[in-house]
Amino acid sequence: MTYRILNAEYRTSVADPSSFAEADRPEAAFAGRSNVGKSTLINALSGRKALARTSKTPGRTRMLNYFDVRWEREAEEPMRFESAFVDIPGFGYAQVSKKERKSWGDLVESYLFGSPALSVLVVLIDSRRGPQEEEMMLLGAEIEAVKMPVLTKVDKLNQKERSQAVTSAAAALGLKPHDLFLTGVGPGKMLGVDKLREAVGELLWSDSAEG
Ligand SMILES: Nc1nc2c(ncn2[C@@H]2O[C@H](COP(=O)(O)OP(=O)(O)O)[C@@H](O)[C@H]2O)c(=O)[nH]1
Ligand SMILES: [Mg+2]
């Protein structure tokens, strides 16, 4: 099956657990440390250049950003359905206070454990660093959503480094190498994005009202 994104637009930003956006469509959330490539991947999946803002100064986003994403499932009878992408503010940025870190933790935790519409949690891992404690925690968290580990920035690795990164990340996470998605997005590069879009689309489809 092919899943295409017809349209993606910004909906809202949320800084406080008491005001999450209405859970009226299945959500795919993107989590990972600051600078891992969350915004870049959201843009690449959506086919939009600057839907989610990418930044050279990491650690600035302290809010959940919601995007409305409209899909088409190409089958004999094409079907359209709605979803949301949620850009989760990045962790692991050193230059924030304890207080800020706690408020980030509270926000993200309430979202992950309290969102009835969360269907996919995409966990981004820098392919050059491999999974650290935070990524392991996210992937091990007992939440309802399907979790998808993605190694980002694989365009920066050669073939040999890539396969080493996959082997060691899979071992660290207790997964099979083919459970990992690989992406590389840069000028003129779009590695693994179509494949990830298919997988995310399929899961959102099956949790949508139409699917
Ligand atoms: N080469 C390469 N650079 C990337 C990739 N993804 C993100 N970047 C760069 O890494 C930096 C941080 O990306 P961004 O999407 O803002 O990360 P975020 O903080 O997780 O949202 C930017 O300079 C991006 O251009 C990738 O797959 N390959
Ligand atoms: Mg970002």
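**Around the ligand**

Guide: Of the 15 residues around ligand 1, the ones that come nearest are N35, K38, T40, D155 and V185. Keep in mind that this is a predicted model.

Visitor: Which kinds of residues make up the shell around ligand 1, by class?
Guide: Eight are polar, five are charged and two are nonpolar.

Visitor: And which elements each supply at least two residues of that shell?
Guide: Those are α1, which spans 38–46, and β8, at 184–186. The most comes from α1, which gives three residues to the shell.

Visitor: How do I spot a polar contact with the ligand?
Guide: Look for pairs of N or O atoms within 3.5 Å. Here, an oxygen atom of ligand 1 is 2.6 Å from an N or O atom in the side chain of T40. For the side chain of S39, an oxygen atom of ligand 1 lies 2.9 Å from an N or O atom.

Visitor: How much of ligand 1 does the protein bury?
Guide: Taken alone, ligand 1 exposes 580 Å², and the protein buries 80% of that.

**The sheet**

Visitor: Now, how do I read a sheet?
Guide: Strands of a sheet pair through backbone hydrogen bonds, either parallel or antiparallel. In this model, seven strands form an open sheet with mixed pairing, in the order β1-β3-β4-β2-β5-β6-β7.

Visitor: Why is one side of β1 and of β7 left without a neighbour in the sheet?
Guide: β1 (2–14) and β7 (181–182) stand at the edges and each has a single partner strand, so one side of each has no neighbour there.

Visitor: Where does α1 lie relative to the strands?
Guide: It lies across β1, β2, β3, β4, β5 and β6, and runs at about 170° to β4.

Methods. Residues are numbered from 1 along each chain as its sequence is written. Chains are lettered from A and ligands numbered from 1 in the order in which they are written. This is a predicted model: local features need pLDDT of at least 70, side-chain atom pairs count only at pLDDT 80 or more; totals for chains, interfaces and linings use all residues. Side-chain values use heavy atoms; hydrogens and water are left out. A residue is near a molecule or strand if one of its heavy atoms lies within 4 Å of it. A polar contact is a pair of N or O atoms within 3.5 Å; within protein, one must be able to donate a hydrogen and the other to accept it, and residues adjacent in sequence count only if both atoms are side-chain atoms. Accessible areas come from the Shrake-Rupley method with a 1.4 Å probe; for residues, only the protein chains shown count as cover. Helices (H or I, at least four residues) and strands (E, at least two) are DSSP runs, numbered from the N terminus. Ala, Val, Leu, Ile, Met, Phe, Trp, Tyr, Cys and Pro count as nonpolar, Asp, Glu, Lys and Arg as charged, and the others, Gly among them, as polar. Two strands pair if DSSP finds at least two bridges between them. Contact means heavy atoms within 4.5 Å. Axes are lines fitted to C-alpha atoms, for helices over the stretch in contact, and angles run from 0 to 180 degrees between N-to-C directions.
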